[in-house]
Amino acid sequence: MSGQAQSPAKPPPELSTSDASGTVSAVAGTLNGLPEDPQMTPLAPPRSTAPSKIPLRPRKIQKLSSDNSKPSMTNLSASAPKPPSSKKNRADARRSSSDALAVVIPRVAARSLSCEGEVETALRHLCAVDPLLVPLIEVHPPPNFDTFHSPFLALTKSILYQQLAYKAGTSIYSRFVALCGGEHGVVPEAVLSLNPQQLRQIGISGRKASYLHDLARKYQNGILSDSSIVNMDDKSLFTMLTMVNGIGSWSVHMFMIFSLHRPDVLPINDLGVRKGVQMLYGLEELPKPSQMDHLCEKWRPYRSVASWYLWRLSEAKGGPSGVASAMAATGVSVQHHQHQLQQPLPPPTEEQQQLVDPINSILNLGYSEFHFSS
């Protein structure tokens with residue numbers, strides 16, 4: 001037995017460089033989800049030269065495979081785009097929060113200012129959104145919108161009283177109404193039946209006569225009517241009425257506030273309202289009409305009532321110097337200042353003159369009948 005020499009232990013199998021590279025390729029192919037098909041990933045044939053001997057180190061290969069697999073999965077998950085449903089979910093969440101906010105803070109739906117309790121609702125809203133209006137609202141009693149004239153009659157008065165003093169406008173309007181057989185007779189057919197010569201005899205200029213006839217013809221042709229005017233929204237009404245010769249944006253705004261009692265009208269071209277905004281917010285310069293919407297946005301949907309208080313503020317701070325201008329700007333009744341109308345007034349300045357004519361129109365249109373006096 002001793003004579004038999006024990007065979008030496010066989011060394012561990014060795015891999016050539018090509019074998020090792022083939023094994024790594026196979027492992028990488030498996031990690032990338034590729035099929036382990038010999039036809040797809042063939043092992044490199046042994047080289048003719050004597051390959052260098054590299055001992056098999058399964059631990060290192062296993063470690064390499066483990067290390068490569070983990071970051072590859074991490075990179076894939078990190079680089080993978082988020083599913084499109086996540087954006088939708090975020091949009092839905094924002095929409096839900098907006099809906100919840102809308103429920104918590106409901107929008108105010110304004111009605112006609114002649115509706116019962118609507119002026120009180122407007123005053124509560126204005127005090128809540130703009131504390132600077134609170135002192136004005138506390139000092140002056142609220143306006144009343146309880147008088148109504150037919151739209152055609154109100155628009156006719158708007159044309160007749162343009163650029164006229166109170167007394168002259170009242171005289172001409174009275175003679176015009178008499179020609180029509182009373183205020184109930186001021187209808188399109190009656191106006192069209194009066195020729196320019198007849199209108200000139202009662203003090204109506206040829207230009208104003210053409211304005212009256214243009215308004216009456218638009219009624220007769222069906223372009224306008226009392227019912228359509230009452231039912232139009234503010235934007236459409238402004239567009240339609242400014243198509244009438246002699247009716248501009250200021251006249252439309254006054255008509256919408258004082259005749260139709262629309263709650264959310266801002267007369268951006270009215271000098272009294274602009275001066276009131278300047279005083280209320282302590283502005284160095286008079287705001288331009290283009291700036292008025294932005295400055296008064298918070299008053300929606302009751303900018304008509306806020307404008308009324310700005311007329312009061314403008315008068316209280318010595319806005320227009322003329323009594324007629326002051327009365328109309330603040331809505332003070334004619335009877336309260338009737339004795340002052342007889343007193344001579346100093347000629348207005350250029351800036352005051354810009355305000356006198358529009359304010360006289362407010363007074364002449366009969367808007368003092370809305371009981372604006374304190």
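Is Cys296 buried or exposed, and what is its relative accessible area? Cys296 is buried, with a relative accessible area of 0%. Here, buried means under 20% relative accessible area, exposed means over 50%, and partly exposed lies in between, with a 1.4 Å probe and protein chains only.

The structure is a predicted model, in which local features need pLDDT of at least 70, side-chain atom pairs count only at pLDDT 80 or more, and totals for chains, interfaces and linings use all residues. Residues are numbered from 1 along each chain as its sequence is written, and side-chain values use heavy atoms, with hydrogens and water left out.

**The chain as a whole**

The protein chain contains 18 helices and two strands. These elements are DSSP runs numbered from the N terminus: helices are H or I with at least four residues, and strands are E with at least two. Of the 374 residues in the chain, 39% count as buried. The accessible surface is about 21900 Å², and carbon and sulfur atoms account for 57% of it; such areas come from the Shrake-Rupley method with a 1.4 Å probe, and for residues only the protein chains shown count as cover. A contact requires heavy atoms within 4.5 Å. Among contacts between residues at least 6 apart in sequence, 66% join residues at least 24 apart.

Helix α7 covers residues 166-180, which are 15 residues. The expected span of a helix is 1.5 Å times one less than its number of residues. For α7 this gives 21 Å, and the end C-alpha atoms are 21 Å apart, so the two values agree.

The buried residues of α7 are Gly169, Ile172, Tyr173, Phe176, Val177 and Cys180. Viewed down the helix axis, they fall within an arc of 135°, and therefore they line one face of α7; the arc is taken from the directions from the helix axis to the C-beta atoms. The face turned away from this buried side carries the exposed residues Lys167 and Ala178. Among the elements that cover the buried residues are α6 (151-160), α8 (188-193), α9 (196-201) and α10 (206-220). Just after α7, Gly181 takes a positive phi of about 85°.

A nonpolar core is a set of buried Ala, Val, Leu, Ile, Met, Phe, Trp, Tyr and Cys residues joined through side-chain atoms within 4.5 Å. The largest such core has 66 residues, of which Phe176, Ile229 and Trp299 touch the most other members. Beyond its neighbours within four places in sequence, Phe176 has contacts that include Thr156, Leu160, Val191, Leu199 and Leu212. In soluble globular proteins, nonpolar side chains tend to be buried together.

**Selected residues**

The table lists the accessibility of some individual residues.

| Residue | Relative accessible area | Class |
|---|---|---|
| Gln163 | 64% | exposed |
| His261 | 4% | buried |
| Cys115 | 28% | partly exposed |
| Ser251 | 11% | buried |

Gln163 has a positive phi of about 60° although it is not a glycine, and it lies in the loop between α6 and α7. His261 also is not a glycine, and its positive phi is near 60°; its loop joins α13 (249-259) and α14 (271-281). Ser251 belongs to helix α13 and, apart from neighbours within four places in sequence, is in contact with Ser158 and Gln162.

A cis peptide bond, with omega about 0°, joins Arg300 and Pro301. Pro301 is placed in the loop between α15 (289-295) and α16 (303-316). A disulfide is a pair of cysteine sulfur atoms within 2.5 Å, and by this rule the count is zero.
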